[in-house]
Amino acid sequence: MRVIPGDTMPAIDARLAGGGRWALAQEKSELLSLLAFYRGIFCPICRVWLGDLDRLVPQFERRGVSVIALSCDRKDGAEKAVREWGLKHLRVGYKLDVEDARRAGLYISEGRGISASTGEKEPMLFAEPALLLVRPEGELYAAWIQSTPYARVHLAEVLAAVDNFISKQLPEPRGSA
């Protein structure tokens, strides 16, 4: 069953590249939290997408939106992404539980071996890309969920949507009818 806007999100947690843990229940942003789910170190499109997000993190934070990238990767994959993808502002969480991702409404894929474009092995199961905006109380506010790795959401458009939401004092979310 998919979480719909206004519903309480499942308990999502992860370990953080560089050390520590992250849990949605402890995330206390000023206005919203942006959870960016990516496929993993094996995905070349994720590298570009998270690079764009990394550059926008300070702008999201100025608006009261905390940002984290999450994947089902292992520690070495997450730390390699931070290092090799040049992520300077973005917190990167790893070891996301596939069932937590599924409960949050994300699409789950089976690995298909070694990625021809990166030479990295795909995990047995992993979450496909998604962006979730979550209120500080843990309720889903907005979602962009993909079943395929292609045609990612443009992050500058998400930032513009956040500006729109803020200008209207975070109106009731859409999509819950």
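Trainee: Why is Gln169 called exposed?
Mentor: Its relative accessibility is 66%. Exposed means over 50% relative accessible area, buried under 20%, and partly exposed in between, with a 1.4 Å probe and protein chains only. Gln169 therefore counts as exposed. The model is predicted: local features need pLDDT of at least 70, side-chain atom pairs count only at pLDDT 80 or more, and totals for chains, interfaces and linings use all residues. Residues are numbered from 1 along each chain as its sequence is written, and side-chain values use heavy atoms, with hydrogens and water left out.

Trainee: What is the phi of Gln169, and where does this residue lie?
Mentor: Gln169 has a positive phi of about 55° although it is not a glycine, and it lies in the segment after H4. Leu170, placed in the segment after H4, also has a positive phi, of about 50°, and is not a glycine.

Trainee: What makes Lys95 and Arg91 partly exposed?
Mentor: Lys95 has a relative accessibility of 48%, and Arg91 has a relative accessible area of 28%. Both values fall between the limits of 20% and 50%, so each residue counts as partly exposed.

Trainee: Where is Lys95 placed, and which residues does Lys95 touch?
Mentor: Lys95 is in the loop between strand S5 (91–94) and helix H3 (98–103). Helices (H or I, at least four residues) and strands (E, at least two) are DSSP runs, numbered from the N terminus. Not counting residues up to four places away in sequence, Lys95 touches Arg15, Ser71, Cys72 and Asp73, where contact means heavy atoms within 4.5 Å.

Trainee: Is Ser71 buried or exposed, and how do you know that?
Mentor: Ser71 has a relative accessible area of 0%, so it is buried. Ser71 is found in the loop between S4 and helix H2 (75–84). Apart from neighbours within four places in sequence, Ser71 is in contact with Tyr38, Gly40, Gly93, Tyr94, Lys95 and Leu96.

Trainee: Why is strand S3 described as largely enclosed by the rest of the structure?
Mentor: Six of the six residues of S3 (residues 32–37) are buried, so the strand is largely enclosed. In a regular strand the side chains alternate between the two faces of the sheet. In S3, Leu32, Leu34 and Ala36 point one way and Ser33, Leu35 and Phe37 the other way, and all are buried.

Trainee: How do you know that S3 pairs with S4 and with S8?
Mentor: Two strands pair if DSSP finds at least two bridges between them. S3 and S4 (residues 65–70) have six bridges in the parallel sense, with Val67 as the bridge partner of Leu34. S3 and S8 (residues 130–134) have five bridges in the antiparallel sense, and Ala36 stands opposite Leu131. Both pairs therefore meet the requirement.

Trainee: What handedness does the β-α-β crossover from S3 through H1 to S4 have?
Mentor: This crossover is right-handed. The term applies if, with the strands pointing away from the viewer, the path from the first strand over the helix to the second runs clockwise.

Trainee: How does the length of H1 compare with the expected span?
Mentor: The expected span is 1.5 Å times one less than the number of residues. H1 has 19 residues and reaches 29 Å from its first C-alpha to its last, close to the expected 27 Å. H1 also bends by about 45° at Leu56, and Pro58 follows within four residues. The bend is the angle between axes fitted to the seven residues ending at that residue and the seven starting there.

Trainee: What covers the buried residues of H1?
Mentor: The cover includes S3, S4, S8 and helix H4 (155–167). Among the buried residues of H1 are Trp49, Leu53, Leu56 and Phe60.

Trainee: What makes a set of residues a nonpolar core, and which residues have the most contacts inside the largest one?
Mentor: A nonpolar core is a set of buried Ala, Val, Leu, Ile, Met, Phe, Trp, Tyr and Cys residues joined through side-chain atoms within 4.5 Å. The largest has 59 residues, and those with the most contacts inside it are Ile12, Leu35, Tyr38 and Phe60. Its largest share, seven residues, comes from helix H1 (residues 44–62).
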